[in-house]
Amino acid sequence: MGSEYPLNELLIGGTEINYLFICPTKLWYFSRGITMEQENEWVDLGRFLHERRYGSEEKEVQIGSIKIDFIRRKDYIEVHEVKLGKSMEKAHEMQALYYLYYIKRLGIGAKAVLHYPKLNETKVITLDGREEEVEAAIREVQRIKSLLTPPEPVKSKRCKKCAYYELCWV
C-alpha cells in the first residue's frame, strides 16, 4: 500500500477527482466555487436518467467530503455511481476508486458499481492494489487547486458539451 493520506486530509470530493481526468482547467474553476453545471443540459439529462432508473434507491449518501449516488448493503458495502455514458470512463473509475479509498480509511471495505443506464451496462470496481494510483490523483488535485491561475485549457471534443466552455473558449 502507498503512503496513505491521513483521513483529515481527505477533504476533496469525488467530483474533483473526476474533473482531474476530464479537464484540469474545469477542476480549477470548480475548486474556486465556480459551478456552472446547474445550467448544463447534459448534467440535467444525467439527473433525469438517475431518477428514472434508480428512483427507489436512497439518494446521495454524504460521507465527509464525498457524496455517493447510492449505497447497497450486502455481505459488504456497494458504492453505486450512475453515469450518462462511457466517454469519460477513466474519470468515472477514478472517482469510484477515490470513494473506495476514502471509506477504506474509515475502516469499511467496499466495492463500487458504475451504472451506465443508457447503455444498460454496469462495471464493478475494486480498490485492490490501486491505492497508490488514487494517492497520485489526490496529490495532483491538490497541486491544481493550489495554482493561482487556472491551467491552460486543452481543446478536445468534450469542450463543446462542457458547462465551462465559455470560460475557456469564448
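## Aromatic residues

Phe30 counts as partly exposed, with 23% relative accessibility (buried means under 20% relative accessible area, exposed over 50%, partly exposed in between, with a 1.4 Å probe and protein chains only). Tyr19, at a relative accessible area of 8%, is buried. This is a predicted model, in which local features need pLDDT of at least 70 and side-chain atom pairs count only at pLDDT 80 or more, while totals for chains, interfaces and linings use all residues. Residues are numbered from 1 along each chain as its sequence is written, and side-chain values use heavy atoms, with hydrogens and water left out.

There are four aromatic pairs in the structure (rings of Phe, Tyr and Trp, the last by its six-membered ring, pair if their centres lie within 6.5 Å; planes under 30 degrees apart count as stacked, over 60 as edge-to-face and the rest as tilted). One of them is edge-to-face and joins Tyr19 and Phe30, at 5.2 Å centre to centre and 80 degrees between the planes. Because Tyr19 lies in helix α1 and Phe30 in helix α2, this pair ties together parts that are eleven residues apart in sequence (helices, H or I of at least four residues, and strands, E of at least two, are DSSP runs numbered from the N terminus). The charged end of Lys26 sits over the ring of Tyr19, 4.4 Å from its centre (NZ of Lys or CZ of Arg within 6 Å of the ring centre and within 35 degrees of the ring normal).

## The sheet

β5 (residues 110-116) pairs with β6 in the antiparallel sense over five bridges. Tyr116 stands opposite Glu121 in β6, and Leu114 has Lys123 in β6 as its bridge partner. Four residues lie between the two strands of the β5 and β6 hairpin, and Asn120 in the turn has a positive phi of about 55 degrees. The charged end of Lys86 sits over the ring of Tyr116, 5.7 Å from its centre.

## Helix α5

The buried residues of α5 (residues 131-146) include Val134, Ile138 and Val141. The buried residues of this helix pack against α1 (14-22), α2 (24-31) and α4 (contact means heavy atoms within 4.5 Å).

Methods: Two strands pair if DSSP finds at least two bridges between them. The expected span of a helix is 1.5 Å times one less than its number of residues.
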